[in-house]
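The report below describes a model and how parts of its chain pack together. Please keep the sequence and the structure in view while reading.

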Amino acid sequence: MAEVLKKTPPDLTAIARRRDGAFSSEEVARIIDGRAEIRSHGGREMPVWGASFQELGRDDDRETEIAAKIAALVAWLRSIQEPPEGVEE
């Protein structure tokens, strides 16, 4: 799908590299959730997943379910980060 998009998607394996080796789970979770305004994030091309997950929620405490889904995405993103330049695994 990347070739049909108007804007090239970012390399999700380089989140930490773009932030000098740091991967902030809290920041990434807020960006994925999208319900809070994040000035440095730029435009809203990405869906607001917090709202989408809320609509799909099955339990009475949808915020718990939303947080769990976002936490799973953040954990996966952390797991695919490339090591910093010059560091071998």
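Buried means under 20% relative accessible area, exposed means over 50%, and partly exposed lies in between, with a 1.4 Å probe and protein chains only. At 33% relative accessibility, L73 therefore counts as partly exposed. L73 is found in helix α4, and its C-alpha atom is separated by 10.0 Å from that of S25, 48 residues apart along the chain.

This is a predicted model, in which local features need pLDDT of at least 70, side-chain atom pairs count only at pLDDT 80 or more, and totals for chains, interfaces and linings use all residues. Residues are numbered from 1 along each chain as its sequence is written, and side-chain values use heavy atoms, with hydrogens and water left out.

**Confidence**

The pLDDT is the predictor's confidence in each residue, from 0 to 100. The protein chain averages 78 on this scale, and 63% of the residues score at least 70. Among the elements of the chain, α1 has the highest mean pLDDT (94) and helix α3, residues 49–56, the lowest (60). Helices here are DSSP runs of H or I with at least four residues, strands are runs of E with at least two, and both are numbered from the N terminus.

Helix α4 covers residues 62–79, 18 residues in total. From its first C-alpha to its last, α4 reaches 26 Å, close to the 26 Å expected at 1.5 Å a residue; the expected span is 1.5 Å times one less than the number of residues. The buried residues in α4 include E65, I66, I70, V74 and L77.

A nonpolar core is a set of buried Ala, Val, Leu, Ile, Met, Phe, Trp, Tyr and Cys residues joined through side-chain atoms within 4.5 Å. The largest such core has nine residues: I15, A16, F23, V28, I32, I66, I70, V74 and L77. Two or more of its residues come from each of α1 (15–18), α2 (25–33) and α4. The most come from α4, which gives four.

Contact means heavy atoms within 4.5 Å. Not counting residues up to four places away in sequence, I15 touches A22, F23, V28, L77 and Q81.

**The segment after α4**

Q81 is found in the segment after α4. Its relative accessibility is 12%, so Q81 counts as buried. Leaving aside neighbours within four places in sequence, Q81 is in contact with L12, T13, A14, I15, A16 and F23. The side chain of Q81 also places polar atoms by two backbone groups: one lies 2.9 Å from the backbone nitrogen of I15, and one lies 2.7 Å from the backbone oxygen of L77.

**The loop between α1 and α2**

G21 has its place in the loop between α1 and α2 and is partly exposed, with a relative accessible area of 46%. The C-alpha atoms of G21 and Q81 are separated by 9.4 Å, although the two are 60 residues apart along the chain. D20 is in the loop between α1 and α2 as well. With a relative accessible area of 79%, D20 is exposed. D20 has a positive phi of about 55° although it is not a glycine. Most residues other than glycine have a negative phi.

**Salt bridges**

How many salt bridges does a search of the whole structure find? The search finds three, where a salt bridge is a side-chain nitrogen of Lys or Arg within 4 Å of a carboxyl oxygen of Asp or Glu.

| Salt bridge | Closest N and O atoms |
|---|---|
| E82 and R17 | 2.6 Å |
| E27 and R19 | 3.4 Å |
| K69 and E65 | 3.7 Å |

E82 is partly exposed at a relative accessible area of 36%, and R17 is partly exposed at 35%.

In the second pair, E27 is partly exposed, with a relative accessible area of 23%, and R19 counts as partly exposed at 31%.

K69 and E65 are four residues apart in helix α4, so about one helical turn separates them. K69 counts as partly exposed at 28% relative accessibility, whereas E65 is buried, with a relative accessible area of 11%.

Methods. Polar contact = N/O pair within 3.5 Å; in protein donor to acceptor, adjacent residues only side chain to side chain.
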